Amino acid sequence: MTHVAILGGGPAGLAAAQAALAAGAAVTLLDEGGRLGGQFWRHHAGITDPRMQHGFERFERLLGSLERAEVHSGAAVWSAELRDGGDGGGGRIVLRAVVGDADAADRRPVVVQADAVVVATGAHDLALPVPGWTLPGVTTAGAAQALAKRDGVSVGRRTLVAGAGPFLLPVAQSLALVGATVVGVHEASRTGALARGWLPKPWELLGKSGELAEYVGALVRHRIPYRIGSGVVRVLGVERVEGAVVAQLDTQWRPVPGTERVIECDAVALGHGFTPRLEAAIMLGCEVEGDRRGRFVVVDDAQRTTMPGVFAAGEVTGIGGADAALAEGAIAGFRAAGLAQDDPRLRDALRVRDRMRRLARRLERAHGIRPGWTAWLDDDTIVCRCEAVTKGAIAERAEVPLRAMRLATRAGLGPCQARTCGRAVEAIVAEARASAAVTGAAGEAVGGANAGAQGDGAVGFDRRPLLAPVRLGELAEPTEPASDENRNEAWPSGCSA
Ligand SMILES: Cc1cc2nc3c(=O)[nH]c(=O)nc-3n(C[C@H](O)[C@H](O)[C@H](O)COP(=O)(O)OP(=O)(O)OC[C@H]3O[C@@H](n4cnc5c(N)ncnc54)[C@H](O)[C@@H]3O)c2cc1C
């Protein structure tokens, strides 16, 4: 029986597990969250407000389909390896994880060996730095959303939501539902970009119009102003957020002089899109491709990566939303379990995936990051929050190779390992190099929030020796793959969906 490992328990991973099981494979699913569901179905027993949980019935059906799977939640996968199977038929996949709370002393190791893996590690939300963004009260839009959805709390009493993309709408709605006053939603893209992204072929958007109407209704009901071509260019306050300066932005997101005004608020939620969690795919040797849309794992029509037996689905392959993740997950799960591309069971998922890919291209056209955003930074704006590295310090060392710049400044070397600042640091380096007309060592390519990235240099901040924090004692424990007899037991004690 083919054994499929699934890394990630969000929409893509859950759909992959369901499909692989339906195709007769043995399935092991690992997810580091305490509850399955990923970012989209983040929830908390008892608190979850159904108005914030779209498609929760689908989630419950997916969970219900996992009965025959071995599921490890609370399992941080720290290593993913492709071993040569020795038969010329490709590799064997070995995933190593520790299961338990991050700060628990008694986490236990889990090792999974499988014939195929679906990498469905999702994305982080991306917040571009702004002067003052290190003040308490500034969060990412995703963090504000997670707190509202999972814990029913708001990040502030008067919250300003700013950035780019349709995700700002559910964030504003959730904040309003948990009792916050949302003082405004500021979308950086201007009317022209929004029209280019959203107006052509309106019939393609029919499936999404209900959701949009719901969010617009929420803005109207809660009297939340929505501004286009506008962004937060400075956060004000001494010990915490007391207000924010917003300004009109030009087509490249440069602040238009003379348009600044102050809005009083005690919290700012920033979200400029999403950035995929590529590190597991990179550790497995998969090719990553970069262009103006950002960097993603390269997959073919069957969701196969460039490595044998390794499939990828969901936000790691492109930012397309939960429906795209579900469709890609189903395709990857079926194919990893051995079904052919023309098997009728793939038909629906293939159709939805292709439609959602078109939606993803619209998203990028309408809301993709424009390079002028760096104009709202000062030289002393902190970009790497963990190590307090400023824009000026990064730009000053832009001409040396990225690795040397990181060692010299410590940008991206703190606890978050560049998850928060990586794209912004790369954008600042690329811009500084362009304006000084220099290239990094050996023509090294640099990606970043303003991407244009190609080549191995583009992988820089996403290549990590370990995928998750792990203690030396845990590393030293014997971690050989579990025997086949143990593989498909009922869920181990202490693990739950
Ligand atoms: C913070 C945040 C909030 C969001 N909220 C919404 C929302 O409210 N509404 C909406 O429409 N869209 C939301 N999105 C977008 C949404 O995430 C996607 O559309 C959808 O969830 C993508 O599904 P996915 O399966 O690809 O990834 P995800 O849902 O992100 O799932 C990936 C899973 O992989 C797991 N994982 C990653 N690395 C490891 C590892 N090393 N070891 C173990 N497990 C690992 C993670 O724990 C996660 O559960 C949000 C995104 C983010 C980043």
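Which residues in α3 meet which residues in α4? A141, A144, Q145, A148 and K149 in α3 meet L168, P170, V171, S174 and L175 in α4. Two residues are in contact here if their C-beta atoms, placed from the backbone, lie within 7 Å. By class, this contact has seven nonpolar, two polar and one charged residues. Ala, Val, Leu, Ile, Met, Phe, Trp, Tyr, Cys and Pro count as nonpolar, Asp, Glu, Lys and Arg as charged, and the others, Gly among them, as polar.

The model is predicted: local features need pLDDT of at least 70, side-chain atom pairs count only at pLDDT 80 or more, and totals for chains, interfaces and linings use all residues. Residues are numbered from 1 along each chain as its sequence is written. Helices (H or I, at least four residues) and strands (E, at least two) are DSSP runs, numbered from the N terminus.

Two packed helices are described by the angle between their axes and the distance between the axes. Axes are lines fitted to C-alpha atoms, for helices over the stretch in contact, and angles run from 0 to 180 degrees between N-to-C directions. Take α3 (residues 141-151) and α4 (residues 168-177). Their axes come within 9 Å and cross at roughly 40°. The two helices are therefore oblique to each other. Angles under 35 degrees count as roughly parallel, over 145 as roughly antiparallel, 65 to 115 as roughly perpendicular and the rest as oblique. The crossing of α3 and α4 is left-handed: the near helix is turned anticlockwise from the far one by less than a right angle.

Next comes α5 (residues 191-198) with α9 (residues 347-367). Their axes come within 7 Å and cross at roughly 170°, which makes α5 roughly antiparallel to α9. A193, L194, R196, G197 and W198 of α5 make the contact with R362, L363, R365, A366 and H367 of α9. This contact has five nonpolar, two polar and three charged residues.

Helix α9 also packs with α8. Here the axes come within 8 Å and cross at roughly 140°, so α8 is oblique to α9. This crossing is left-handed. Among the residues that meet are D323 and E328 in α8 and R353 and R357 in α9. The contact has nine nonpolar, no polar and four charged residues.

Now turn to the ligand. It is surrounded by 37 residues, the closest being G10, G38, G122, G142 and G314. A residue counts as near if its C-beta atom, placed from the backbone, lies within 6 Å. Elements that give two or more residues to this shell include α1 (11-22), α3 and α8 (322-336). The shell divides into 18 nonpolar, 14 polar and five charged residues.
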